Amino acid sequence: AGLREVAHLYRGFAFDVGALGSGPSATAAGRSLAHCAARLLARGKRVAVVEASPQRAAAVASRAKALGFPDEARAWSSGEFVHRSFAAAATAEGEAARAAFPFLAEGRAPKVFEVSSIAKPRRWAEYMARGGPPLADLQRSGAVRTVDSVEQADVCYWDAGDGDEVQWVEAVLELCAEYRVPLLQARRGAAAMRLAAPWAAKGSAEASALHLAKLGGTHLGAGKLAGLSSGLGWADDLAPQDILLISPDIGDVIEAGEEGADVLILLGDMAQSQLHAARSHAEQEKVVERKRMSVSQRVAEDSPAMLQAATNPLLSVFQLPSLLSEAVRKNAEHRAKVQTSAAEARAEEPAPGKEALGETQVAQRTGAQDAPGQSHIRRSDSPQSARQEELAELLREWCAASKVRAPAAIASPPLLWDSTAEDDCPEPTPTAT
């Protein structure tokens, strides 16, 4: 399905481009989203490009233009929300900022320890393109005071970029816990942070915040939708439920729920890795919990009827044969399922010296013909369709297990405006930055 099918339900659209890359060579997903943004703007909709990053909104706008987004599309980031909160904290109008970040006080500039001061960039060219620390202008104006040690700070701000190597991160977290200095990160909100543990990369802002919580410290967070409506001037005529967030990150299901907005999840590589990591984490937790169970508890979990028969010796003689046959049947079904999965995996592997045929090649060799106006690839029978169905089922299970509201819609990347007109997607001209 294309975005056109749900466009009439919302008035504001927020596109997350954090996982789509940057630079003059726009990706196919970026071109598709830029095309959708142009169609929405032509229909009088509000469009914004958002990112969960400590960088300012100007940097996000530059990336959006490089991907081909129209100039009318606005830009927002969680780093912009943090920057504006710090700027307004010392004034009398900063009540909302002080409520979001309790370490801020009226009439006093906060003392901030910047994690980027001890971080080694992954690539120096990328570091130069960032334009310096995001709070540099506030430091020059006196709205913020940067300090060189954690024990002197009011807050430890994680402004390092993705992939940067933060040296002595364990020592910084221990000092934060010892001196009761909160860690502020602009990757996720506090509610979404608790569910990000399965896929949080080691040394990232999410993993560091979760480790600080284990040490007894405090961490604060700002999501990509924090302050979006007020920051872009949408709050006057748009309600939160009028906004649709389009994101490849399943954690944004919680982010959108906190702000009262809906979310469309793109089931791509990022969602797949997150869902598989969450499933593996849940299975490991279940194994650990099962090791702590007693024998009776394991029997009650595996076969409640068997436990009932064992506790009732008068009826156990009559029930035992049927229970044993049921156990044999379940074991046989499990073995057959394992064998079928192994056979399917072997069948999908290409023979030595031969390449696997793509969907288009299969359709051409078999002579498959579709009705006019339809794609020659039968998506319902394709491996891609089966993969998306599997991811959709994993997403439903994750939402149910996490007790969060399911996304309003799901789609396969790249997101198209109209699924019946795939070729009607001109490539925008990327803007050099």
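## Confidence

The model is predicted. The protein chain averages a pLDDT of 81. Of the residues, 79% score at least 70.

Over residues 353-381 the pLDDT is below 50. That stretch still has 21 contacts in the model beyond near neighbours in sequence. Residues 422-433 also stay under 50 in pLDDT. For residues 422-433, the model has 21 contacts beyond four places in sequence.

## Strand pairing

Strand 4 spans residues 111-114. It pairs with strand 6, residues 145-146, in the parallel sense. The pairing runs over 2 bridges. Lys111 has Arg145 of strand 6 as its bridge partner.

Strand 4 is also joined to strand 7, residues 155-158. These two strands run parallel, with 3 bridges between them. Here Val112 is partnered by Val155 of strand 7.

## Helix 12

Helix 12 covers residues 252-259. Its buried residues are Asp252, Val253, Ile254, Glu255 and Ala256. Two of the names on that list are Asp252 and Glu255.

Trp124 lies in helix 6, residues 124-130. Its relative accessible area is 54%, so Trp124 counts as exposed, the cut-off being over 50%.

Trp124 forms a nonpolar patch on the surface with Tyr127 and Met128. Together the three residues have about 380 Å² of accessible area.

Notes: Residues numbered from 1 in each chain as written. Predicted model: local features only at pLDDT ≥ 70, side-chain atom pairs only at ≥ 80, totals over all residues. Heavy atoms only, no water. pLDDT = per-residue confidence, 0-100. Contact = heavy atoms within 4.5 Å. Patch = residues over 30% accessible without salt bridge, like charges linked within 9 Å, V, L, I, M, F, W, Y side chains within 5 Å. Areas by Shrake-Rupley, 256 points an atom, 1.4 Å probe, with all protein chains shown as cover. Salt bridge = Lys/Arg side-chain N within 4 Å of Asp/Glu carboxyl O. Helix = DSSP H or I, 4+ residues; strand = E, 2+ residues; numbered from the N terminus. Buried < 20%, exposed > 50% of the residue type's maximum accessible area, 1.4 Å probe, protein only. Pairing = 2+ DSSP bridges.
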